[in-house]
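Reader: I would like a close look at one part of this model, with the terms spelled out as they come up.

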Amino acid sequence: MQWIILPLLGIGVGIGAAFSGLGGGFLMVPILLFMSYTPQMAVGTSFLGILVISISALIAHNKLANVDYLAGALLGVGGIIGAQIGARLVEGVSPAMFRKIFAAILVGLAIYLFVKK
């Protein structure tokens, strides 16, 4: 069943990621948690999906001349360091605490986007 559901969910995540620029993890991780993945496995699996989606979205946005390569590369360099730290931090977090932290980040982001002018 996952062979059918996961690609369909990937389509939705791809649309959301390419439209919003949020990378898709904000959609993919909760979906994987709902499918009984551990938080650590959901995050790791999400990154593989995000890699594939991001490459495709980059190609599409490049064709539309919507890419600042220098800014993207600089963000990526910082992201490499942050990703190594984050991957190690998530190992020490319980599933219940992970869900709370993830929910707080999503709620905080939603409030910020809602009230920002």
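Leaving aside its neighbours within four places in sequence, which residues is Ile53 in contact with?

Author: The model is predicted, so local features need pLDDT of at least 70 and side-chain atom pairs count only at pLDDT 80 or more, while totals for chains, interfaces and linings use all residues. Residues are numbered from 1 along each chain as its sequence is written, and side-chain values use heavy atoms, with hydrogens and water left out.

Beyond those neighbours, Ile53 is in contact with Gly10, Val13, Gly14, Ala17 and Met28 (contact means heavy atoms within 4.5 Å). Ile53 and Met28 are also listed, with Val29, Leu33, Ala42 and Phe98, as having the most contacts inside the largest nonpolar core, which has 13 residues. Such a core is a set of buried Ala, Val, Leu, Ile, Met, Phe, Trp, Tyr and Cys residues joined through side-chain atoms within 4.5 Å, where buried means under 20% relative accessible area. Two or more residues of this core come from each of helix H1 (2-20), H2, helix H3 (39-63) and H5; helices are DSSP runs of H or I, at least four residues, numbered from the N terminus.

Helix H2 (residues 25-34) and helix H5 (residues 95-115) have axes that come within 12 Å and cross at roughly 150°. The axes are lines fitted to C-alpha atoms over the stretch in contact, with angles from 0 to 180 degrees between N-to-C directions. H2 and H5 are therefore roughly antiparallel to each other, a term for angles over 145 degrees. Gly25, Phe26, Val29, Pro30 and Leu33 of H2 meet Phe98, Arg99, Phe102 and Leu106 of H5 in this contact.

Note on methods. Parallel < 35°, antiparallel > 145°, perpendicular 65-115°, else oblique. Buried < 20%, exposed > 50% of the residue type's maximum accessible area, 1.4 Å probe, protein only.
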